[in-house]
Amino acid sequence: MTIEAADWRWMARAIQLARKGLYTTDPNPRVGCVLTRDGAEIGSGFHRKAGEPHAERNALADARARGREPRGATAYVTLEPCSHHGRTPPCADGLIEAGIARVVVAMEDPNPRVAGRGIARLRAAGIEVDTGLLRDAAEALNPGFIRRMEGGLPWLRCKLAMSFDGRTAMASGESQWITSPAARADVQRLRARSSAILTGIGTVLADDPSLNVRTPLAELEPALADLPPRQPLRVVLDSRLRMPPDARLLSLPGDTLVLTRDRDSARADALRAAGAEVHRVDADDQGRLSLDDVLHLLATREINEVLLEAGPTLAGAALQSGYIDELVVYSAPHLMGDSARGLFHLPGIERMEQRIALEILDQRRVGADTRTLARCRRLDGVKPLAR
């Protein structure tokens, strides 16, 4: 790999462009592309939406719109150019046809339909290809797409809001609002980037939540103001079909999937009449819906990133069984007292070596609150994130 100082700059620019598709590309990955010649940018683009042209073809079109001929240029792409016909033609062919001389790729495409074939096609056409530049940053753009392609599961991100003493609700169940308006606005961004929002029936019965994105897309990313709003799939785990047909989330734009082990057709029909999709899932050894089956089901529906917004029982079960990939915890600067409800229900942890340690990846102020991004590991050697 022959990488020069300028290459880092242009790949960083491509990654910035890819982030513009953070809220709209599902189920496709977020990808950016920059074309350069003689140290100057001649075209750029990013993938805006599934079904629309990919980043490479948008960058080529941008160069031509500027009156710049892409032949002989260098292309910087955050993800290996595709080599197969999907809803759009192969991007590798587009670069070859345009006469691109060199392609710098941040990471190979984990999609088995590509998986190195795009790079091989470019090299077979005589194009110089370098790979691996800013790979970590490129992977961070698409954790769910990568997880789904490599492991058959979506990326599970758990969002929690707590007081400074680790409480999520008063003993009565009252919980609005623990965090500040700034933190709640930040959660809207988490929801907007998610393919699905997952919760339990306990949260639905206690809070009657909306679980929708309320921030306009134009505010999240002005470059996409022309696109229609996208609501993530709302998924409710409801083993006994206790969900009321008049639940708020059933009256809002977007789809709701109710997962259950109950065979009561009358209650299922009532929910379907209210607009929900009802699907049966097997129970685990404890009679709860199998999280493994739930997540695999969502992956078959091309769900990349799942945002878990749930109470301590479901959040604790997901954490202990190793399905949570990322924790996002908003901590508010107040105390709620001993009788208030805790963050996780984690039975069976009795010794210090059984603790679940957190690796803090990022911590910052959001309004009056603190947002912590973390991943977990077991001190007793058990790897909770192993699939």
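A residue counts as buried when its relative accessible area is under 20%, as exposed when that area is over 50%, and as partly exposed in between, using a 1.4 Å probe and protein chains only. By that rule, strand β13 (residues 326-332) is mostly covered, with seven of its seven residues buried. Helices (H or I, at least four residues) and strands (E, at least two) are DSSP runs, numbered from the N terminus.

This is a predicted model, in which local features need pLDDT of at least 70 and side-chain atom pairs count only at pLDDT 80 or more, while totals for chains, interfaces and linings use all residues. Residues are numbered from 1 along each chain as its sequence is written, and side-chain values use heavy atoms, with hydrogens and water left out.

**Confidence**

- The predictor's confidence in each residue is called pLDDT and runs from 0 to 100; its mean for the chain is 89, and 95% of the residues reach 70 or more.
- Residues 378-387 stay under 50 in pLDDT, and the model gives them 25 contacts beyond four places in sequence. A contact means heavy atoms within 4.5 Å.

**A covered strand and its partner**

- In a regular strand the side chains alternate between the two faces of the sheet.
- What lies on each side of β13? Glu 326, Val 328, Tyr 330 and Ala 332 are on one side, Leu 327, Val 329 and Ser 331 are on the other, and all are buried.
- Strand β6 (residues 155-163) pairs with β13 in the parallel sense over seven bridges; two strands pair if DSSP finds at least two bridges between them.
- Within this pair, Ser 163 stands opposite Ala 332 of β13.

**Two helices with buried residues**

- An α-helix has 3.6 residues a turn, so residues three or four places apart point the same way.
- Helix α6 (residues 143-151) has Pro 143, Gly 144, Phe 145, Ile 146 and Arg 148 buried. The cover over the buried residues of α6 includes α5, β6, α7, α11 and β12 (305-308).
- Just after α6 comes Gly 152, with a positive phi of about 75°.
- In helix α11 (residues 291-300), the buried residues include Leu 291, Val 294, Leu 295, Leu 297, Leu 298 and Ala 299. Glu 302 follows α11 and has a positive phi, near 60°.

**Pocket and cavity**

- On a 1 Å grid over the protein atoms alone, a cavity is a set of points where a 1.4 Å probe fits but cannot get out, and a pocket is an open set with protein on both sides within 12 Å along at least five of seven lines; lining residues have an atom within 4 Å of a point. Grid points are joined across faces, edges and corners, and a volume is the space filled by probe spheres set on the points.
- The second largest pocket has a volume of about 780 Å³. Among its 24 lining residues, Arg 19, Arg 193, Glu 326, Arg 371 and Leu 373 are the closest to its centre.
- Two or more lining residues of this pocket come from each of α5 (135-141), β6, α7 (181-193), β13, β15 (356-366) and β16 (369-378).
- The lining of the second largest pocket has 12 nonpolar residues, one polar and 11 charged. Here Ala, Val, Leu, Ile, Met, Phe, Trp, Tyr, Cys and Pro count as nonpolar, Asp, Glu, Lys and Arg as charged, and the others, Gly among them, as polar.
- How many cavities of 30 Å³ or more does the structure hold? It holds one, and the largest cavity has a volume of about 30 Å³.
- Asp 26, Asn 28, Arg 30, Leu 141, Asn 142, Phe 145, Asn 304 and Glu 305 line the largest cavity; they divide into two nonpolar, three polar and three charged.

**Backbone details**

- Most residues other than glycine have a negative phi, and most peptide bonds are trans.
- The peptide bond from Asp 26 to Pro 27 is cis, with omega near 0°. Pro 27 sits in the loop between α1 (5-18) and β1 (32-37).
- Leu 134, in the loop between β5 (128-131) and α5, has a positive phi near 55°. Is Leu 134 buried or partly exposed? Leu 134 is partly exposed, at a relative accessible area of 24%.
- Leu 241 also has a positive phi, near 50°, and lies in the loop between β9 (233-237) and β10 (256-260). Leu 241 is buried, with a relative accessible area of 3%.
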